[in-house]
Amino acid sequence: MPDIVLDSELLVTILQIIAIDVLLGGDNAVVIALACRKLPPDLRNRGIFWGVFGAIGLRTLLVFFALELLALPFLRIAGALLLLWIGVKLLRPQDEDHAEVPASTHLLGAIRTIIVADAVMSLDNVVAIAGAADGHIALVAAGILISVPIIVWGSKLVLRLMDRFPAVITLGAALLGWIAGEMWLGDRALATHAAALPAWTHYVSSLAGALLVVTSGRWLARRDARAQDAAAARRDTQD
């Protein structure tokens, strides 16, 4: 495991992990609220606390395994491609339906729902965080411990900020593209070739990843909007 040096690079890594979790974790906060909605009022806070505690532990464990897997040849390249896709998806409007999230009337059932749902929904978070952490599991734990409470107790504020300032979403998607552009160059299969490249190549690759995500995501979002307008026009014509 890489040694951790307390410098600006470490701080940037932690901030990246927090940003990724906050940007990609809004739905997790909704699931937590829905899972606990039928609990008695005196048990809701306990359900949220222990559900979040379990989700943090499981997510950290998943990221640990992701870090180990990313040490294998070609998996960093695959992870970078997945990050690019996640970044593009972030820029496309999504209609999320959480009506099927079960609400338990007892504490253990709600905690179980939160942990399972978080594990199922956190693939994008896990891959993105593993790419940003670059082998530092301690930074992963620190970033998740800081960001999950923000998601749970500040999710409404975060979502309002995203709705009011769309640039926040764009910057988050660009961050994922930036990490992907750096991530693929660190693949073991490319180690010999990457070591011979000048340092500025990594910055160019990261910038290219960010630009690719933003331009592709915006183009697809405009295409989706045109398709929705055309479908609405056809329905109006039929009516």
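Residues 24 or more positions apart account for 89% of the protein's contacts with a separation of 6 or more; contact here means heavy atoms within 4.5 Å. This is a predicted model, in which local features need pLDDT of at least 70, side-chain atom pairs count only at pLDDT 80 or more, and totals for chains, interfaces and linings use all residues. Residues are numbered from 1 along each chain as its sequence is written, and side-chain values use heavy atoms, with hydrogens and water left out.

The protein has ten helices and zero strands. Helices (H or I, at least four residues) and strands (E, at least two) are DSSP runs, numbered from the N terminus. Of the 239 residues, 44% count as buried. Buried means under 20% relative accessible area, exposed over 50%, and partly exposed in between, with a 1.4 Å probe and protein chains only.

**Core**

The largest nonpolar core holds 48 residues. Such a core is a set of buried Ala, Val, Leu, Ile, Met, Phe, Trp, Tyr and Cys residues joined through side-chain atoms within 4.5 Å. Ile 20, Val 63, Leu 67, Leu 83, Ile 129 and Val 140 have the most contacts inside it. Helices that each supply at least two core residues include α1 (8-24), α3 (41-69), α7 (137-164) and α10 (200-238).

**Two helices compared with their expected spans**

The expected span is 1.5 Å times one less than the number of residues.

| Helix | Residues | First to last C-alpha | Expected span |
|---|---|---|---|
| α8 | 17 residues | 24 Å | 24 Å |
| α10 | 39 residues | 57 Å | 57 Å |

Twelve of the 17 residues of α8 are buried, so α8 is largely enclosed by the rest of the structure. Among them are Ala 174, Leu 175 and Gly 181.

The axes of α4 and α8 come within 8 Å and cross at roughly 170 degrees. Axes are lines fitted to C-alpha atoms, for helices over the stretch in contact, and angles run from 0 to 180 degrees between N-to-C directions. The crossing makes α4 roughly antiparallel to α8, the term for angles over 145 degrees. On α4 the contact includes Arg 76, Gly 79 and Leu 83; on α8 it includes Ile 169, Gly 172 and Leu 176. The contact residues divide into twelve nonpolar, five polar and one charged. Ala, Val, Leu, Ile, Met, Phe, Trp, Tyr, Cys and Pro count as nonpolar, Asp, Glu, Lys and Arg as charged, and the others, Gly among them, as polar.

The buried residues of α10 pack against α4 and α8. Gly 209, Val 213, Gly 217 and Asp 224 are among the buried residues of α10.

How values were computed
Angles under 35 degrees count as roughly parallel, over 145 as roughly antiparallel, 65 to 115 as roughly perpendicular and the rest as oblique.
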